[in-house]
Amino acid sequence: MSDASYLSLQKLTLAYGDTVAVPDLDLDIAKGELIALLGPSGCGKTTTMRAVAGLLPVKSGHVRLDGADITHVSPNKRAVGLVFQSYALFPHLSVYENVAFGLKLKGLRGAELDKKVRSGLTSVGLSTFADRKPAELSGGQQQRVALARSMVMEPKVLLLDEPLSNLDARLRLEMRTELQRVQKETGVTMIFVTHDQAEALALADRIVVMKAGKIEQIGSPEDIYNRPVSSFVADFVGFENIFPLENGRLRTASGLEELSSQPPSAAGLAWRPRMVSLGTGPFRGTVRGTSFAGDSREYLLDTPLGAIKAEVEASAPAHPLGAELAFDLPAHKAAPLSTFS
Ligand SMILES: Nc1ncnc2c1ncn2[C@@H]1O[C@H](COP(=O)(O)OP(=O)(O)OP(=O)(O)O)[C@@H](O)[C@H]1O
Ligand SMILES: [Mg+2]
């Protein structure tokens, strides 16, 4: 095992009956890394997590952790912790008893047990809530109990499957920070499943983007945000203007269009709304929609190329619905895509 492959998924094929959900997945995760698994509903994120946790038998391939093949090791012997979207706390047990539960199963008692539970509760900021029942806690607090309950088991890998999706925006942000802190403090390796790209960008060391059971791109948040490799990833991370390239020309609704400057060689080009230049350029469009977003304004343009979304500073003069505007898709600003699907 090298440091870069502390957790290693090797040619992992996962299926429900005869239906393969994840074919031939290869993924190496370094010790202490925080990986975000990002992708649309049904792409295989939970399925992959369940296989790592040992809750789903593997059809073929291997799961290796810390130098050992754990493909057929039972879930409770894997040193893999799991926190799901629904916190699944025991409602009749206190916060303290919930956190102590797994440790007791391991045979811990007395002062040693108490010390671990107290320190687990302290690490998630809930030391004064030990005697409460889950129903007497907010959603965020319940999620923190679930996190403490997993962390006290000192897992080698902690899997979090959309743990924040039940929380409101403010709590999500708080929990995000909390997770990052716990991860930095304990150095635990984490895989974090989300379909929220902002969350993945904010949290992860590396992001794995999945599509239909396969990995579409792995990279740093900067890579994924600025250098999507495919139209699928570009679309997923907010590039709204995406076109195939053919012989250096853009394939659009009205046929092949010449750009104002030489594009790079690529299968396609993608522009975020704010990469579109509004006011000058070789193309024309009619304002069909406009929305104000505080410090910026977004325009939806009807154009011969198809619909174009452009974003400008809110301080720029506003254009009314129906206005005709010139615009440009500057080739040098576009993200070049190596695959177009
Ligand atoms: N118990 C099951 N039996 C049969 N098929 C299943 C089962 N669970 C999931 N699937 C299928 O496997 C595929 C992957 O599902 P999975 O739950 O891994 O998706 P996901 O990426 O976690 O999606 P979401 O973001 O909606 O949670 C989907 O096509 C899904 O319908
Ligand atoms: Mg899921």
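How many bridges join β6 to strand β7, and do these strands run parallel or antiparallel? I went to residues 157–161 for β7 and got my answer: 4 bridges, with the two strands running parallel.

**Confidence check.** I'm working with a predicted model here, so I looked up pLDDT before going further. The chain averages 92, and 99% of the residues score at least 70. Among the elements, helix α5 (residues 169–186) has the lowest mean, 80. The highest mean, 98, belongs to strand β14 (residues 268–271).

**The sheet with β6 and β7.** I then traced the rest of this sheet. It is open, has 6 strands in the order β6-β7-β8-β3-β9-β10, and its pairing is mixed. At the edges I found β6 (80–83) and β10 (214–219), each of which pairs on one side only. From one strand to the next, the twist averages 20°.

**The other open sheet I looked up.** This one has 4 strands, ordered β2-β1-β4-β5, and the pairing is antiparallel. Its edge strands are β2 (19–29) and β5 (68–69), and each pairs on one side only. I checked β1 (residues 7–16) against β2 and got 7 bridges in the antiparallel sense. Within that pair, Tyr 16 stands opposite Thr 19 in β2. Helix α1 (residues 45–53) packs on the sheet, where it touches β1, β2 and β4 (60–65). I also jotted down its direction, which makes about 115° with that of β1.

**A hairpin.** Next I went to β16 (residues 296–303) and β17 (residues 306–313), which run antiparallel and are joined by 8 bridges. The hairpin between β16 and β17 goes through 2 residues.

**Helix on helix.** Last, I looked up α2 (residues 95–105) and α4 (residues 139–151). Their axes come within 8 Å and cross at roughly 30°. I put α2 down as roughly parallel to α4 because the cut-off for that label is under 35 degrees. The crossing of α2 and α4 is right-handed. On the α2 side, the residues that meet α4 are Val 95, Asn 98 and Val 99. Their partners in α4 are Val 145, Ala 148 and Arg 149. I sorted the residues of this contact by type and got 4 nonpolar, 1 polar and 1 charged.

Conventions: Residues are numbered from 1 along each chain as its sequence is written. Chains are lettered from A and ligands numbered from 1 in the order in which they are written. This is a predicted model: local features need pLDDT of at least 70, side-chain atom pairs count only at pLDDT 80 or more; totals for chains, interfaces and linings use all residues. Side-chain values use heavy atoms; hydrogens and water are left out. pLDDT is the predictor's confidence in each residue, from 0 to 100. Axes are lines fitted to C-alpha atoms, for helices over the stretch in contact, and angles run from 0 to 180 degrees between N-to-C directions. Angles under 35 degrees count as roughly parallel, over 145 as roughly antiparallel, 65 to 115 as roughly perpendicular and the rest as oblique. A crossing is left-handed if the near helix is turned anticlockwise from the far one by less than a right angle, and right-handed if clockwise. Contact means heavy atoms within 4.5 Å. Ala, Val, Leu, Ile, Met, Phe, Trp, Tyr, Cys and Pro count as nonpolar, Asp, Glu, Lys and Arg as charged, and the others, Gly among them, as polar. Two strands pair if DSSP finds at least two bridges between them.
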